[in-house]
Structure formats: C-alpha cells, structure tokens
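Please examine the sequence and the structure shown below. The explanation that accompanies them is intended to be read with both in view.

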Amino acid sequence: MFLKPLPDRITAGGVEFELMTKGEGKSLLFLHGPLGVDADDPLVARLAKSNEVIVASHPGFGLSSRPDFVSTIDDVVYAYLDLVEAMDLKDVTLVGASIGGWIAAELAVRGSDRFTKLVLIDPVGVKLGSREERPIYDVFGLTNDELPDMYFGSRDSGLAAMHDLKFPDFPEAAAVRHARNRETLSLYGWAPTLYNPKLLQRLHRIKAPTLVLWGDKDRVVGVAYGQQYAAAISGAKFEVIPGVGHLGYYENPDEFGRRTQAFLSAGRSR
Amino acid sequence: MRFWHFCEQSMHTAWAKIDGPTKVTVPNSFCDPKLAHEFYNRYLDEWMIADELGYDIMVNEHHASANCMSSSCTLTLAILARQTKNARLVALGIPIANRTDPYRVAEEIAMIDVISGGRFEVGLVKASPFELVLSNQNPTRIMERFWEGHDFVVKALTHVGAPFSWEGEFYQYRNVNLWPRPLQQPLPPMWMTCSSEKNARIAARLGYVCATFFNGPKTKQLFDSYKDEFLKVHGKPAPADRLGYLAISVCGHNDAQVEERYNKVKTYLDTQPRTPKGWINPPGYESVELNAGALKSGKKGRINFGLPENPTRQDMAEGGIFFAGTPDQLYKQYLDFQRKVGGYGQVLMLGQAGYLDHAETVDSMTLFAKEVAPRLREAVKNGVEAEAVAA
C-alpha cells in the first residue's frame, strides 16, 4: 500500500503528479482512498486487464506535490481537471474510493463531458443527517495501530493490506509516504469532517451512469449512508459487497473488479 | 530574577473516580460544579497570597479537562488584574492558533493590561495537540495560522490611529480598531514557549522571552541557541530575563513533610498521560519528518520526561522536573539546575498540583518566598551560578 511509488510524473495545474498508466482500453481514472495508493494496488491491477487505468496520488499524497494554493478538495478537483485536460483523456470512467469517491463525485458535477461513467466505492463527501449527527467516523482520532480495524472488515485483513504496519522493517520512504498521506487527509478533511456541505445539493447534476459499491462491514460510513448517497444520483445502482469494510477493494479485489467491469461492459443506456 | 506562581486549576478529586482519560473525551458528569466553585476560588485566593508574598503570577489554558479547568486564561487573568496589586501577570499561554478571532484576543489582552495598571505579559502559544479536538481548528498549517494570528495581534496592539484592515489567508477584518489600547507601550512584554532550537532562535530574533516546560538538562542547548541568535541579531548578550523554565516546586519544613507533599503532588505527573490515545498526535500537528521517524523507529517520543524508571526525588530534581525539598535542599536544587542549563531569570513554579491542599500550598509558597527566593536572588546577583558555567 505504501511500498512502491508510482513510476511516472506529469505536471498539470501547478501540481507535479506521481502517476501510473497500466493496461489498454478505454480510459479509467482511479482515485484512491485515505491511505494512499501504490504501484501494487490490487484493484488497479484487475481493472487494468480491461481498461487503460490512469492512477495518480492526489496532491499532497504519495509523491505528488502540494503547492500552497492546493489546500482543499475543491483545489484537488481542479488539479485533476487540469490533469485530464493535459493528458487529453476522453470518454473517461471515474472510479473513486472513499475520499477518492468524493473527488470523483465532485468531478462529475462540474459539467465536463469527458467523464462518461462513474463508480463510487464507499465514498465520503456528503453530509447526511441533522446537525447533531456525524455519520462519517472521525478517522482523525485513530492511532496508526487502529487503522486496520477501522478501515477494513477485520483487523487481520487490515493488517494484511497494511503490511502488518512493520514500518521499522521498510525503507524510510514508506514511513514518510504514510505520514504524509495522513497529514494531507487532515488538511483536506478535518472539518467539516470529510464532507462538502454543498455536495448533496449538486449530485443531481451527475448524468453519467453510476454504480455505487458498499462494503457491508464499512465502519467509517455505513450502508444506510451509502444508500442515501446513491439515491441522490439519478439512476445510480447500489450494490453491497459482503464481508468487507470501508477499503474493501483491498480485501476482495476480485469482487470489486468483477462488478466494476460488468457495469462498464453493460450497455450505455440506463 | 522573578518567581512566578503557577497552578493549573485542577479538579483533582475527580481523577480517582474517572476510568481512563481525564481530558477531552471525559464526560463532564465528572465535573461537580459545586466543587469547581470551591476550587476556582481557592486557587484565586492562592494567587492573591502569591501577590502579597512577592511572587509574579502565571496562568495557562486547557479545555475539557479535569487536570486544568482554566478554559480561558484571559478570564482568570482579568479577575487577578483587579484583585492583585503588584504581581506581573503572564498568560502562558493564549493558544492563538486555536482561536478563530484574534481581534477578540487582542481586545482581551488590552483590557487586562489596562485594568491591571500595565502588569500584563503575553505568551502566545501553539497549544497542546489535543486542544485541536476542542477548537476544531485544523492540525495542519497550525504554525502558519499561529504566525498570522501573532502578526495580527501585535499589529492590533501597537497600531495607533484610524482603523486598519486585514485581508489575510486565515483571518479577514474590514475594520480593526483596538479600544482600549494597551497601557504598556508599545505593547506588553511578549513570551513564547519553545522546545526546539529552531523556535528558540525565532524567539531570540523577536526578543521575546523563551520559556520551556519540564525540558530537563537538555534545556542548555535550547538556551544556548537563544543566546547565540540574540547576540547575532541584537548585538548584545541576552539578559537572563529572556529565558524561563517551568518545573514543579514544593517546599517543606522537614524531610518527612517534604516527602508527604511530594507524594501528594506527584499524582499530577501520573495524570498527564491520561489523554485519549488517538488525540495525542492528530495528523498534521507534528511534521511529516517527525511522524515518519517515529513510525520507522517504533518509538513514541520522550517517555516519562526523560527520567529513569521509578524516579527518585533526586532524579526528579536533577532532571529539572520536580524540585522538592526543605529550603536548603531547594536552594541547592535550583542553583544546580541553573548551572546545568546556563542560567535563566524567569523561574516558573508549578506550586500547586494534585492533592496538595490549600494550607499546604500556602505554607510551601510562604516558606519558599521567605527562605529560598532571597538566597537565589543573592546568588545570581553575585554571579554564583555563573561561576560554575564558566568553568
């Protein structure tokens, strides 16, 4: 998860993106979750069998730079718009997980005709419930040791995904990568905690066919939150994947890959 | 040499009843407002006694804590501005990076300074990491917020004339107009708390008092950095009053009494780690380098104030954490520590903590004021502590 940096660099919108392109076929822009992404990402590997996957670290994550003016998710969205235009990507499927799903939804409401399909995996970004409710778990209060339990369906699968948190055994770059990812998540998501108060009202703007996948053991945002999120997007499909948590695509990448590909291969009409 | 009496205004009677953290997430059902009424007024009484004994006064700020009920240091200092006569009053400190309205901070500073007759001294601080959970301000960019807040407060306090505007990144004001203006001109004396050499140098450049808490013998390097930078920037040696050090300080008439008081106060140290684990270090508060280093080494930073396991009273004193003794013993402990770190003029004393009751606190404060402070002042005046440093 934090061991193999992405090999390429592209500068767009003032951001030097750490990036990887894998596979052949239609363009698929993969937007990673709160723990970052690396070259060994299991879902990226599966999606690359049938698509040309472009995956970058968000500004401030991994080795992507973060200029001073990029300090909110809104800024990240514009950086990605610049990236997509710089690479001249067209007919792009957006696949975003967690905070990547938030970014994907924000990209989709912006009105660009470059994005033609949307897959959201346990996205955050929307405020549901009253002012006295917090349906999104406060991940900022977790110690590093607690991350596997909260982000995954079980501590065991979490530790497997997170290399048993054996940072002392890895090169220093891995610890730096993880620490930087955690800090940047704070910058973008501390308060309001992992949501944009305006996004819910904007979701009606999404015209692209949308699939929303949810781990039934998601402890960060529960299935009920996911159902409401999907219901706000016209025509969106909502599918629950059993036995996995918030970052379930590490735990069962085959299932997430299969369902995503089935959705992408289905006809364009809704 | 100034001796500052400090107390965190705790509700220590709750500590034994609480299971787990004593701050941030601890339910406020553990706060008995009737007891709080008694404690606040007792601590204020002790500060008034400190004033009469010739101490100066230090007040801090924390939130949602059974360890410290001083949820507004300026509020406490406003009371003392009116109720004390001679003591200097230092806020150490106002957590400027947690406050969303630095204009309000400047107004409170000016009011206290004016009401006190120009006795206020202002420490602007970064604050503990878990305070961000209460203020909800972002852990990242905390120092950028701090400095913009600091710059704003200094400008507001020193500006005389028509209102000015401020269109900063973090704070925007269309009409800044400080009424009252502070009594001390151009502004009250400024302090910073420092634990890194980098920040000590920043404080030196600004000419602020550099204060450090429980930092131990390695404070020598910190103070040396300050002195080095001060000399470079201001062209003269840093006066001793530019440096401050905080430790617990308890005095008794005989060894048995010292031991009893020491044990009552030591409970304070045992309570310090009782912070919710996840809020000890919110991501972004510390630098990426520091956090990555901790992940790589598997270490959790300084443990137990750098003291050996099961520290003795002697370990505590030599470690600069807890000076406890009869007047003779305290005189020696303070002098030894002064020599160890190269001398400092602002002696910050946590003189009440834990279960030390009112009578004991007053007795300890009085004994120190009468039998230790004058000797230390004399020693420093005669350069006694400087001799050992030069050697």
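The following paragraphs treat each chain, then the contact between the chains, and lastly a single histidine.

The model is predicted. Chain A contains 10 helices and eight strands. Its radius of gyration is 17 Å, close to the 18 Å that the globule rule gives for 270 residues, so chain A is as compact as a globular protein of that length. Along the principal axes, the C-alpha atoms of chain A fill a box of roughly 50 × 40 × 35 Å. Of the 270 residues in chain A, 52% are buried. When contacts in chain A between residues at least 6 apart in sequence are considered, 73% of them join residues at least 24 apart.

One helix pair illustrates the packing inside chain A. Helix 2 (residues 73-86) and helix 3 (residues 99-109) of chain A have axes that come within 10 Å and cross at roughly 65°. Helix 2 of chain A is therefore roughly perpendicular to helix 3 of chain A, and the crossing of helix 2 past helix 3 in chain A is right-handed. Helix 2 of chain A contributes I73(A), V76(A), V77(A), Y80(A) and L81(A) to the contact, while helix 3 of chain A contributes W102(A), I103(A), E106(A) and L107(A). By class, the residues of this contact between helix 2 and helix 3 of chain A comprise eight nonpolar, no polar and one charged.

Chain B can be described in the same terms. There are 14 helices and 11 strands in chain B. The radius of gyration of chain B is 21 Å, close to the 21 Å that the globule rule gives for 391 residues, so chain B is as compact as a globular protein of that length. The C-alpha atoms of chain B occupy a box of roughly 60 × 50 × 50 Å, taken along the principal axes. Buried residues account for 48% of the 391 residues of chain B. Of the contacts in chain B between residues at least 6 apart in sequence, 74% link residues at least 24 apart.

How do the two chains meet? In total, 21 residues of chain A are in contact with 18 residues of chain B. The side of chain A that touches chain B consists of 11 nonpolar, five polar and five charged residues. Within the model, helix 6 (residues 172-189) of chain A and helix 9 (residues 288-297) of chain B have axes that come within 8 Å and cross at roughly 130°. Helix 6 of chain A and helix 9 of chain B are therefore oblique to each other, and helix 6 of chain A passes helix 9 of chain B in a right-handed crossing. From helix 6 of chain A, E172(A), A175(A), V176(A), H178(A), A179(A), R180(A) and E183(A) meet V288(B), N291(B), A292(B), L295(B) and K296(B) from helix 9 of chain B. The residues of this contact between helix 6 of chain A and helix 9 of chain B are six nonpolar, two polar and four charged.

The last stop is a residue of chain B. H358(B) lies in helix 12 (residues 358-371) of chain B. Is H358(B) buried or partly exposed? With 15 other C-beta atoms within 10 Å, H358(B) is partly exposed; a residue is counted as buried at 20 or more. Apart from its neighbours within four places in sequence, H358(B) is in contact with R42(B) and E46(B). H358(B) and D45(B) are separated by 313 residues in sequence, and their C-alpha atoms are 9.2 Å apart in space.

Definitions and conventions:
Residues are numbered from 1 along each chain as its sequence is written. Chains are lettered from A and ligands numbered from 1 in the order in which they are written. This is a predicted model: local features need pLDDT of at least 70, side-chain atom pairs count only at pLDDT 80 or more; totals for chains, interfaces and linings use all residues. Axes are lines fitted to C-alpha atoms, for helices over the stretch in contact, and angles run from 0 to 180 degrees between N-to-C directions. Helices (H or I, at least four residues) and strands (E, at least two) are DSSP runs, numbered from the N terminus. Angles under 35 degrees count as roughly parallel, over 145 as roughly antiparallel, 65 to 115 as roughly perpendicular and the rest as oblique. A crossing is left-handed if the near helix is turned anticlockwise from the far one by less than a right angle, and right-handed if clockwise. Two residues are in contact if their C-beta atoms, placed from the backbone, lie within 7 Å. Ala, Val, Leu, Ile, Met, Phe, Trp, Tyr, Cys and Pro count as nonpolar, Asp, Glu, Lys and Arg as charged, and the others, Gly among them, as polar. The radius of gyration is taken over C-alpha atoms; the globule rule is 2.2 Å times the number of residues to the power 0.38. A residue is buried if 20 or more other C-beta atoms lie within 10 Å of its own, exposed if 12 or fewer, and partly exposed in between; C-beta atoms are placed from the backbone.
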